[in-house]
Amino acid sequence: MLRDIITYPNPILRKKSQNVEEFDEKLHKLLDDMNETMLHYGGVGLAAIQVAVPLNVLIINLPIEDELSEDNGKQLDENLIEAINPVITKKDGELVFNEGCLSIPDYHAEIKRAQNVTVEYFNRYGQKQTMEADEFLAVAWQHEMEHLTGHVFIENLPYLKRKKFEKQWKQKLKNQKKSK
Ligand code: CO
């Protein structure tokens, strides 16, 4: 089932998410819906809070170029990462990456992040997992985990860029209202 993605500046996005206690049907339904929603809107990551569920749950599904061409663009489910109660246990290095977010549609900006991260999390069955990630995948982990703390990526922008964004965004929301 497709769920609605809430967009900036909806105050729900500022909520701090809570840990999942039960790895049950309800969690599996949430994960399935999140995956369907993310693919529908063409995202590569989604945190539960973006569908208004304040739980420490996120999914990441990065396109892999080789597989994309072999499988006629069909996204393989094997690439899907489902993470419950994730914690970053190690961060290293630095990189700048052009990020976007389904909650801030059509806006991209370069953000500085750690180059490598080690993450501990649980899969949908409550089994503990560890993953080392770098480059785009490390960025995706850090971006999605930021959502769980009630923050969005534009908060990392330097002051003037942030101001410029807020001005553009206000104008965009105004124009949307007018055209409705
Ligand atoms: Co996002």
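Let me start in strand β3, which runs over residues 81-92 and holds Asn 85; strands here are DSSP runs of E with at least two residues, helices are runs of H or I with at least four, and both are numbered from the N terminus. This is a predicted model, in which local features need pLDDT of at least 70 and side-chain atom pairs count only at pLDDT 80 or more, while totals for chains, interfaces and linings use all residues. Residues are numbered from 1 along each chain as its sequence is written, and side-chain values use heavy atoms, with hydrogens and water left out.

Asn 85 is not a glycine, yet its phi is positive, at about 50°. Is Asn 85 buried or exposed? Its relative accessible area is 10%, and therefore it counts as buried, where buried means under 20% relative accessible area, exposed over 50%, and partly exposed in between, with a 1.4 Å probe and protein chains only.

A positive phi also occurs at Asp 106, again a residue other than glycine, with a value near 65°. Asp 106 sits in strand β5, residues 104-113, and it is classed as exposed because its relative accessible area is 73%.

Now to the metal. Which residues coordinate the cobalt ion? They are Cys 101 through SG, His 143 through NE2 and His 147 through NE2, at 2.1 to 2.2 Å. Donors are N, O and S atoms within 2.8 Å of the metal (3.2 Å for Na, K and Ca), and water is not among the atoms, so sites may look incomplete. Along the chain, the spacing of the cobalt donors reads C-x41-H-x3-H. Both histidines, His 143 and His 147, belong to helix α3 (residues 135-148), where they are four residues apart, about one turn of the helix. His 143 is buried because its relative accessibility is 6%, and His 147 is likewise buried, with a relative accessible area of 1%.

Finally, the segment before α1. Pro 9 is found there, and the peptide bond that joins Tyr 8 to Pro 9 is cis, with omega at about 5°. Glu 22 is also placed in the segment before α1, the helix spanning 25-40, and Glu 22 counts as exposed because its relative accessibility is 54%.
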